[in-house]
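Student: Could we go through this structure together? I would like to begin with the pocket.

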Amino acid sequence: MPIPGSGLAKGLAVTLRTMTKRAHTAQYPEVQPELPPRTRGVIGLFEENCTVCMLCARECPDWCIYIDSHKETVPAAAPGGRERSRNVLDRFAIDFSLCMYCGICIEVCPFDALFWSPEFEYAETDILELTHERDKLREWMWTVPAPPSLDPAAEEPKEIAAARKAVEKAEAAAAAAAAAAAAPAEPAAPETDAPITPEGDE
């Protein structure tokens, strides 16, 4: 059975311990904070990787991603081939007044076109200016940190292993071809005439 007033005593003890500690004041903005490596600040766009698949816009729970595109015809790469069409990005915008920083758009992007940037200083006096177009989103890409180094004990990624094996196979084939070209040609065996024996001799 708890002792009457024990809860009040515990609360006062916490208050006394806090009162004896020195307060730490963050000298922001003169001193920038040390942010964790996985900070979700703003989303950067790597435009070259975007194929206008619309997955990010469809999966966004806040519908804050706006994408416009048009189709262009690509001529045939070889004679006799057929023309192809591809999507060309016209507009890619994110309304950060609606964004809840869930990161779903970054996770579902199959071509690594969206990245988290730790930058967080993009407050505006007008809410309409929180809709960042693709030029602004591309500028955030320069602030995206490099990915962390792999664990030395981790298994080699399948893509790297396949690429390494392909390179080793190509190098072995090139070395074999060079060795075959450098080897001197073996002289042909001279033709010898068989001795002619008289018909009567056996």
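Tutor: Let us begin with a definition: Ala, Val, Leu, Ile, Met, Phe, Trp, Tyr, Cys and Pro count as nonpolar, Asp, Glu, Lys and Arg as charged, and the others, Gly among them, as polar. Please keep in mind that this is a predicted model.

Student: How do the residues of the lining of the largest pocket divide?

Tutor: Twelve are nonpolar, two are polar and four are charged. The volume of this largest pocket is about 580 Å³. Of its 18 lining residues, Pro37, Arg38, Phe115, Trp116 and Pro148 are the closest to the centre.

Student: Which elements give two or more residues to that lining?

Tutor: They are H3 and E4. The largest share, four residues, comes from E4.

Student: Now the core. Which residues have the most contacts inside the largest nonpolar core?

Tutor: They are Ile43, Ile65, Ile67, Phe92, Ile94, Phe96 and Leu114, in a core of 26 residues. Among the elements that each supply at least two residues of this core are strand E1 (42-45), strand E2 (65-74), strand E3 (84-95) and helix H4 (134-140).

Student: What is Ile43 in contact with?

Tutor: Leaving aside neighbours within four places in sequence, the contacts of Ile43 include Ile94, Phe96, Leu114 and Trp140.

Student: What stands opposite Ile94?

Tutor: That is His132 in E5. Two bridges join E3 to E5, and this pair runs antiparallel.

Key: Residues are numbered from 1 along each chain as its sequence is written. This is a predicted model: local features need pLDDT of at least 70, side-chain atom pairs count only at pLDDT 80 or more; totals for chains, interfaces and linings use all residues. Side-chain values use heavy atoms; hydrogens and water are left out. A nonpolar core is a set of buried Ala, Val, Leu, Ile, Met, Phe, Trp, Tyr and Cys residues joined through side-chain atoms within 4.5 Å. Buried means under 20% relative accessible area, exposed over 50%, partly exposed in between (1.4 Å probe, protein chains only). Contact means heavy atoms within 4.5 Å. On a 1 Å grid over the protein atoms alone, a cavity is a set of points where a 1.4 Å probe fits but cannot get out, and a pocket is an open set with protein on both sides within 12 Å along at least five of seven lines; lining residues have an atom within 4 Å of a point. Grid points are joined across faces, edges and corners, and a volume is the space filled by probe spheres set on the points. Two strands pair if DSSP finds at least two bridges between them.
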